Amino acid sequence: MDQPASASHLETIVLGGGCFWCTEAVFDRVRGVTDVESGYANGQVPSPTYEQVCTGQTGHAEVVKLTFDPQVIGVREILEIFFATHDPTTLNRQGNDVGTQYRSGIYVTDPSHRAVAEALIAQMNGDRLFGAPVVTEVQPLESYWPAEDYHQDYYLQHPNQGYCAFVVGPKVAKFRKTFTQHLKPEAA
């Protein structure tokens with residue numbers, strides 16, 4: 001079991017990989033991630049609602065804010081999981097979810113996180129890992145708003161709901177199969 005880290009040890013990164021239910025469900029199971037919160041980042045409307053963000057007019061991305069212990073898992077490993085569990089090559093789209101709110105993005109408050117993200121993207125593009133260029137934006141975190149309570153832990157609370165069963169579930173299964181070394185013991 002992970003040893004709890006003091007708050008001063010913990011780091012935060014914000015990731016947008018399409019619908020936040022999918023990204024949250026994956027990172028809830030990652031060893032070293034101590035908290036995952038669904039929210040909205042880098043838009044122009046203060047304290048937006050889900051309905052407002054869904055219009056695509058607020059500029060926000062659906063994101064998850066990850067708090068993690070860098071002594072257990074590093075930024076690069078988090079980003080490798082992130083890139084493997086969504087499509088970073090489609091602009092403003094993940095599957096049937098279309099709009100700027102579903103863009104692939106990495107939003108940072110730590111310059112070292114940005115450097116790791118940019119180097120990893122350059123490496124993946126150089127290796128042609130996805131067969132198409134990575135379009136994930138890497139930006140400073142300008143604003144973040146938590147999503148409404150009913151979005152938090154959505155997959156955990158509704159695993160049999162249609163979207164969860166057919167979209168979120170396969171992403172979680174892919175994570176479990178591909179990243180067993182990063183799986184929390186209770187999530188195995």
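This is a short chat about how to read some features of a predicted protein model.

Visitor: What should I know before I start?

Guide: This is a predicted model, so local features need pLDDT of at least 70 and side-chain atom pairs count only at pLDDT 80 or more, while totals for chains, interfaces and linings use all residues. Residues are numbered from 1 along each chain as its sequence is written, and side-chain values use heavy atoms, with hydrogens and water left out.

Visitor: Which residue does UniProt give as "active site"?

Guide: UniProt positions are given in the numbering used here, feature names are shortened, and annotations may be inferred rather than shown by experiment. In this case the unreviewed UniProt entry puts "active site" on Cys-19. That entry also places "domain: Peptide methionine sulphoxide reductase MsrA" at residues 12-164. The span 12-164 is 30% helix and 25% strand, and its end C-alpha atoms lie 26 Å apart.

Visitor: Where is Cys-19 found, and is Cys-19 buried or exposed?

Guide: Helices (H or I, at least four residues) and strands (E, at least two) are DSSP runs, numbered from the N terminus. Cys-19 sits in the loop between strand S1 (11-17) and H1. For burial, go by relative accessible area: buried is under 20%, exposed is over 50%, and partly exposed is in between (1.4 Å probe, protein chains only). At 8%, Cys-19 is buried.

Visitor: What does Cys-19 touch?

Guide: Contact means heavy atoms within 4.5 Å. Leaving aside residues up to four places away in sequence, Cys-19 touches Glu-62, Asp-97, Tyr-102 and Tyr-163.

Visitor: How many residues of H1 are buried?

Guide: Eight of the eight, so H1 is largely enclosed by the rest of the structure. Among them are Phe-20, Glu-24 and Phe-27.

Visitor: How do H1 and H6 cross?

Guide: Picture each axis as a line fitted to C-alpha atoms, for helices over the stretch in contact; angles run from 0 to 180 degrees between N-to-C directions. The axes of H1 (residues 20-27) and H6 (residues 162-178) come within 9 Å and cross at roughly 35°. A crossing is left-handed if the near helix is turned anticlockwise from the far one by less than a right angle, and right-handed if clockwise. H1 passes H6 in a right-handed crossing.

Visitor: Which residues meet there?

Guide: From H1, Trp-21, Cys-22, Ala-25 and Val-26 meet a set in H6 that includes Tyr-163, Val-167 and Phe-175. The contact has nine nonpolar residues, no polar ones and one charged.

Visitor: How many salt bridges are there?

Guide: Side chains of opposite charge can pair when their charged atoms come close. A salt bridge here is a side-chain nitrogen of Lys or Arg within 4 Å of a carboxyl oxygen of Asp or Glu. The whole structure has four. One of them joins Lys-65 and Glu-37, at 3.8 Å from N to O. Lys-65 lies in strand S3 (residues 61-68) and Glu-37 in strand S2 (residues 33-41), so this pair ties together parts that are 28 residues apart in sequence.

Key
Ala, Val, Leu, Ile, Met, Phe, Trp, Tyr, Cys and Pro count as nonpolar, Asp, Glu, Lys and Arg as charged, and the others, Gly among them, as polar.
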